[in-house]
Amino acid sequence: MANGPDVFVRLRPLPPSVPSTENISWNAAPASDANSDDERRYSLTLSGLTGRTKEWKGGPCFAGIYDPTTSNEEVYNRTVSGPLADVLKTGGAATFFAYGHTGSGKTHTIFGQGDVEGISILAAQTMFQRLESYNKDRDDASRLGIGIKLFELRSGSAFDLLNDKNECFIREGPDGRTHIRGKTEKLEDNKVRVRPIETIGCWSWEEAKQVLVDGLRLRSVGTSTIHDQSSRTHAVLQLEIITAELLKAREEIWDREAELVPVGKHATDVYIEEHMKALTKDDDGNYKPNPDHPLNQARIDEAEAVKAEYEARVAEAVQRVEAILNNTPPGAPAKIGGRVVFVDLAGAEFNDNSVSGNPRTNQSASDKKATRQINTDLMTLKEVVRAHATRQARIPFRGSPLTMVLREHFTGEAHASMIVTVSTEREQSAATLNSLRFASTAAA
């Protein structure tokens with residue numbers, strides 16, 4: 001996303017209970033200076049907004065405007081299909097965000113509702129269609145599948161929806177990357193293992209569909225200012241091209257890291273013990289060499305040598321994974337490791353009467369706390385997008401767990417698209433304008 005995301009605006013139709021006279025008028029116009037349809041940008045003009053006499057205009061900066069009659073399939077074809085084809089062909093990653101106020105259609109767009117399939121589900125189907133003929137005459141070891149990760153971000157933690165909502169912790173590692181790891185597991189022989197978010201390997205669309213249904217069923221809901229059953233978390237779904245060998249190689253990294261922990265701890269203990277014994281205090285309280293116990297450097301070196309052996313084993317396991325990722329079989333319809341990520345952001349809340357003419361007053365204390373965290377996350381996301389769009393040297397990724405997790409999707413050359421969903425209902429005018437101002441910033 002070196003040059004910022006492609007930003008699309010999707011207008012939600014009026015609910016059946018709202019008369020057409022309460023509709024916001026809109027008009028989308030393409031810029032005239034584009035060399036091709038892919039480069040064309042659109043402006044959006046709104047009129048009839050509550051509390052505003054002048055019309056609002058944004059752009060031309062949007063990659064597309066989806067009117068209220070646009071289906072999820074059309075959104076998929078125009079937003080996801082092209083980047084997904086590139087990922088399958090050349091590898092890499094593509095990320096698709098849905099941003100908007102509560103009730104504007106984010107979850108409907110990403111995951112679908114009822115019999116209507118979301119763009120992430122359509123992407124998974126397309127990926128399996130590409131793999132089907134290739135896998136037909138291959139054994140389990142050589143076929144390609146899709147690895148699924150699905151988790152939600154809530155209250156500063158990640159909860160693994162494919163592993164009984166196991167709480168995972170978001171930390172920045174010494175490599176500068178964000179790592180999401182579960183609770184520490186104590187194994188035999190003082191080994192300690194910390195597993196990342198679960199990846200479920202699926203080898204058919206039917207299998208993947210059931211995994212997604214079971215995982216999404218666990219997503220947390222709560223009372224918002226609009227709905228009694230509103231998604232109150234940010235949901236992240238990753239679909240990655242995998243092999244059984246790749247999953248096994250990644251497991252080997254975790255096993256070797258578990259073996260390294262007690263060895264590394266022993267080396268540290270030896271170092272501290274030897275240096276403490278090699279010192280003593282004189283009568284003035286100052287430290288000096290201990291004549292009765294000179295530093296046993298040989299013991300320290302021996303422990304460090306064993307530690308280095310186990311570190312090398314971890315490095316070998318990491319190299320094994322990298323080799324698999326760089327060795328897609330000739331003729332394969334997709335690159336191993338290519339992945340698409342879908343992010344359904346929780347709805348923005350503004351906690352005032354401008355968002356809804358009938359705001360709810362029965363939010364529980366926990367719901368209000370969740371709303372505050374969501375607003376903090378989305379405000380930080382706005383600052384990240386603004387800093388990225390204006391090419392600032394420092395981008396505040398550490399401002400919230402959400403932006404820490406999304407950091408890799410704002411850096412490098414990975415493709416990113418953002419679908420900003422807005423309501424066409426006049427009662428939602430303030431929320432719609434807030435979302436569109438953010439969209440304009442992201443698209444700049």
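**Exercise 1.** Determine how much space lies in the largest pocket and which residues line it.

*Solution.* Step 1: the largest pocket holds about 1700 Å³ of space. On a 1 Å grid over the protein atoms alone, a pocket is an open set of points with protein on both sides within 12 Å along at least five of seven lines, whereas a cavity is a set of points where a 1.4 Å probe fits but cannot get out; lining residues have an atom within 4 Å of a point. A volume is the space filled by probe spheres set on the points, which are joined across faces, edges and corners. The model is predicted: local features need pLDDT of at least 70 and side-chain atom pairs pLDDT 80 or more, while totals for chains, interfaces and linings use all residues. Residues are numbered from 1 along each chain as its sequence is written, and side-chain values use heavy atoms, without hydrogens and water.

Step 1: the lining comprises 44 residues, and Lys149, Arg177, His179, Arg181 and Pro196 lie nearest the centre of the pocket. Elements giving two or more residues include β9 (145-154), β12 (178-186) and α6 (297-325); helices (H or I, at least four residues) and strands (E, at least two) are DSSP runs, numbered from the N terminus. The largest share, 8 residues, comes from α5.

Step 2: the lining divides into 20 nonpolar, 9 polar and 15 charged residues. Here Ala, Val, Leu, Ile, Met, Phe, Trp, Tyr, Cys and Pro count as nonpolar, Asp, Glu, Lys and Arg as charged, and the others, Gly among them, as polar.

**Exercise 2.** Is Ser423 buried or exposed, and which residues does Ser423 touch?

*Solution.* Step 1: Ser423 belongs to strand β21 (residues 415-423). Step 2: Ser423 counts as buried because its relative accessibility is 9%, buried meaning under 20% relative accessible area (1.4 Å probe, protein chains only). Step 3: not counting residues up to four places away in sequence, Ser423 touches Arg12, Ile24, His101, Ser104, Gln428 and Thr432, where contact means heavy atoms within 4.5 Å. Step 4: the Ser423 side chain reaches the backbone nitrogen of Glu425 at 3.0 Å.

Note on methods. Buried means under 20% relative accessible area, exposed over 50%, partly exposed in between (1.4 Å probe, protein chains only). A polar contact is a pair of N or O atoms within 3.5 Å; within protein, one must be able to donate a hydrogen and the other to accept it, and residues adjacent in sequence count only if both atoms are side-chain atoms.
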